[in-house]
Amino acid sequence: MKPSSLSQSPRLARYIASLVSIVLLGSFVGIGARNVLASEESAAGSEAKKAEETTGREDLDRAVELKLSARTLNDLGEVIRLCEQALSKKLDKEDEEFARQLLAATRIQRGMMIAQVILGGIPIDRNWPAFRALALEDLEKGLAVDPTQAEAWFTVARLQALPGGDEKKAIEACGRAIELGGNNPRLLADAYMLRGQLTEGKEESIADLTKAVELLPDDPEPLRLRAQSYLKANKPEEALADLNKALEKEPDSLPTLESKIDTLIELKRYDEALKVCDQIEKLSPNTAEALFNRARILAVQKEYEKAIELLDRAAKLDPKNPAVLMIRAAVYQELKKTEEALKDINEAIKLRPGNPALLRLRAAILAGSGKFSEAIADLEQVRKAQSGEDEVTLALQLGLLYSAQKFYGKAIEQFSKVLEADPKNVAALRGRADALLSMGRHAEAIKDYEKALEVDPNDSGVLNNLAWVLATSPDDKLRDGKRALELAKKACELTQYKEAHILSTLAAAYAELGDLKTAIEWSQKAVELGEGEEKEALMKELETYKSGKPMRELLQEPPEPINPPAEQEKKEEKSQSEMDQKQ
């Protein structure tokens with residue numbers, strides 16, 4: 001029952017009538033005096049029962065009166081307390097149902113008021129997640145009794161969509177809002193837009209945002225959001241069309257202009273992107289944003305020094321702009337200036353602690369400098385805070401990093417997570433196969449390589465690695481020299497015979513077939529192309545063929561390190577902390 005109907009409830013009339021009855025009955029006490037005295041114990045029990053019922057109704061009546069005049073959260077809290085108190089006592093079925101409806105309506109109202117503090121742009125302290133928890137508790141309890149409130153469902157969705165929320169619940173709540181908001185186009189469009197931004201599937205996202213565009217044909221926001229989904233779905237032309245339509249409706253929208261730059265960069269139409277920068281500079285002259293947008297176009301064009309010059313100027317104008325620091329860190333990394341890159345990205349993370357994009361970039365920089373343990377720690381932090389499509393991407397990245405650390409068991413665990421969600425993910429299939437191969441589990445590795453080739457038959461890396469295990473496995477049942485040669489030749493053709501390690505595989509295939517002369521020829525070419533440690537390994541292979549033997553990959557499981565990278569890092573930090581305390 002909606003709050004507005006409470007004052008018209010017939011329950012109050014019946015309650016007044018019952019009070020009149022009690023007063024009238026009281027005047028006839030003398031008539032039944034002997035009967036009352038004869039059954040004193042029974043009467044006492046009955047009176048106690050009546051008192052309990054009366055008290056419950058009184059609580060409910062007070063709740064109704066206060067609800068009609070409630071203005072503050074405290075007022076609503078008192079209504080909730082009175083309803084709960086009334087329900088804890090005995091009420092007739094109609095009063096009990098009325099109390100539940102009143103309690104639900106009040107909880108929803110209070111939840112909406114608290115949510116407005118968070119969602120309405122009102123400044124609050126850093127403990128806002130506690131406010132969200134309170135709002136969600138009220139809304140969810142209220143909706144459990146009265147699930148017909150579309151706006152309340154949409155508010156739940158918005159709260160859950162905030163950082164640290166439950167995206168799955170947000171998507172579900174959007175669905176309920178859409179089901180119930182049939183005659184409210186603005187609410188429907190907002191729910192479609194939010195679900196479109198949260199949905200993992202790119203096509204599903206575009207479908208939701210298309211419905212929002214249809215509901216609000218004159219609003220540029222759904223067009224801009226659909227453009228972003230088109231871009232994620234690798235449909236930049238469609239994205240550009242939407243952005244141009246949005247700019248017709250709102251020519252001076254900086255977010256739309258910046259999205260247009262993203263799209264033009266994707267299309268490699270850099271001159272047009274720079275013209276959009278000119279528009280932004282006219283709208284927002286002498287600002288970090290104008291310089292930042294021009295710098296990122298130069299960075300994509302690999303004009304790194306020019307990009308750094310502009311980013312330095314942007315940083316002087318706005319030294320606490322995390323976007324400027326982030327892009328400059330990425331450009332520094334391209335210039336192999338790891339120290340400068342880490343300085344910028346660490347400063348950005350101080351400004352935006354826990355930001356997934358910043359942590360991802362720092363992980364990439366750390367991994368590029370061989371600091372795999374620290375990179376894993378950053379990605380694990382991102383993984384704990386995110387879900388959905390990001391979970392798949394993170395698992396893939398973690399699998400690669402664990403493999404680089406030779407934590408093959410953990411790598412396989414991460415790749416398997418990816419394949420549960422996306423069984424045809426070639427990178428995960430190859431990553432898991434490589435890890436299995438490194439552990440000597442050749443039969444399992446071959447299965448994953450074969451699956452990867454079914455998805456992408458022209459992946460030179462997969463072709464090479466499968467050919468290698470088929471040519472060199474010590475398990476006679478697994479070796480297949482003829483197929484190994486076929487695969488190795490294809491990998492060589494795809495890489496124009498310029499990759500030393502692939503030429504090495506070709507040599508191994510010939511050796512397995514007993515053609516050691518040809519194996520030596522290709523092995524020598526591989527040595528000529530090889531460098532550093534790779535060259536040393538290739539020379540050993542060549543010596544093997546010269547001695548008249550084919551190559552055999554050792555079938556053994558290398559021992560995993562005692563502590564996984566993250567645990568090792570914690571252990572090192574603890575040891576350092578203990579040393580500091582001693583000093």
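This is a predicted model: local features need pLDDT of at least 70, side-chain atom pairs count only at pLDDT 80 or more; totals for chains, interfaces and linings use all residues.

User: How many helices and how many strands does the secondary structure of the protein chain come to?
Analyst: The protein chain has 583 residues, of which 43% count as buried. Among its contacts between residues at least 6 apart in sequence, 53% join residues at least 24 apart. The secondary structure comes to 30 helices and zero strands.

User: Are helix 11 and helix 12 roughly parallel or roughly antiparallel?
Analyst: Helix 11 (residues 220-232) packs against helix 12 (residues 236-249) with the axes 8 Å apart and at an angle of about 165°. Since an angle over 145 degrees counts as such, helix 11 is roughly antiparallel to helix 12.

User: Which classes of residue make up the contact of helix 11 with helix 12?
Analyst: On the side of helix 11 the residues include Leu223, Arg224, Arg226 and Tyr230, and these belong to a set that meets residues of helix 12, among them Glu238, Asp242, Lys245 and Lys249. Helix 11 passes helix 12 in a left-handed crossing. By class, the contact has no polar residues, six charged and nine nonpolar.

User: Which classes of residue are found in the contact of helix 18 with helix 19?
Analyst: Helix 18 (residues 338-351) and helix 19 (residues 356-368) pack with their axes 10 Å apart, at an angle of about 160°, and they are therefore roughly antiparallel to each other. Among the residues of helix 18 in this contact are Leu342, Ile345 and Ile349, while helix 19 contributes residues including Leu358, Arg362 and Ile365. By class, the contact has one charged residue, two polar and ten nonpolar.

User: Is the crossing of helix 25 and helix 27 left-handed or right-handed?
Analyst: Helix 25 (residues 460-472) and helix 27 (residues 500-512) have axes 9 Å apart and pack at an angle of about 30°, and they are therefore roughly parallel to each other. Helix 25 makes the contact through residues including Asn464 and Trp468, and helix 27 through residues including His501 and Glu512; the residues of this contact divide into one charged, five polar and six nonpolar. The crossing of the two helices is left-handed.

User: Where does lysine 302 lie, and is it buried or exposed?
Analyst: Most residues other than glycine have a negative phi. Lysine 302, although not a glycine, has a positive phi of about 65°. It lies in the loop between helix 15 (288-300) and helix 16 (304-317), and at 62% relative accessibility lysine 302 counts as exposed.

User: Where is lysine 406 placed, and is it buried or exposed?
Analyst: Lysine 406 also has a positive phi, of about 65°, although it is not a glycine. Its place is in the loop between helix 21 (389-404) and helix 22 (408-421). With a relative accessibility of 53%, lysine 406 counts as exposed.

Technical notes. Residues are numbered from 1 along each chain as its sequence is written. Side-chain values use heavy atoms; hydrogens and water are left out. Axes are lines fitted to C-alpha atoms, for helices over the stretch in contact, and angles run from 0 to 180 degrees between N-to-C directions. Helices (H or I, at least four residues) and strands (E, at least two) are DSSP runs, numbered from the N terminus. Angles under 35 degrees count as roughly parallel, over 145 as roughly antiparallel, 65 to 115 as roughly perpendicular and the rest as oblique. A crossing is left-handed if the near helix is turned anticlockwise from the far one by less than a right angle, and right-handed if clockwise. Contact means heavy atoms within 4.5 Å. Ala, Val, Leu, Ile, Met, Phe, Trp, Tyr, Cys and Pro count as nonpolar, Asp, Glu, Lys and Arg as charged, and the others, Gly among them, as polar. Buried means under 20% relative accessible area, exposed over 50%, partly exposed in between (1.4 Å probe, protein chains only).
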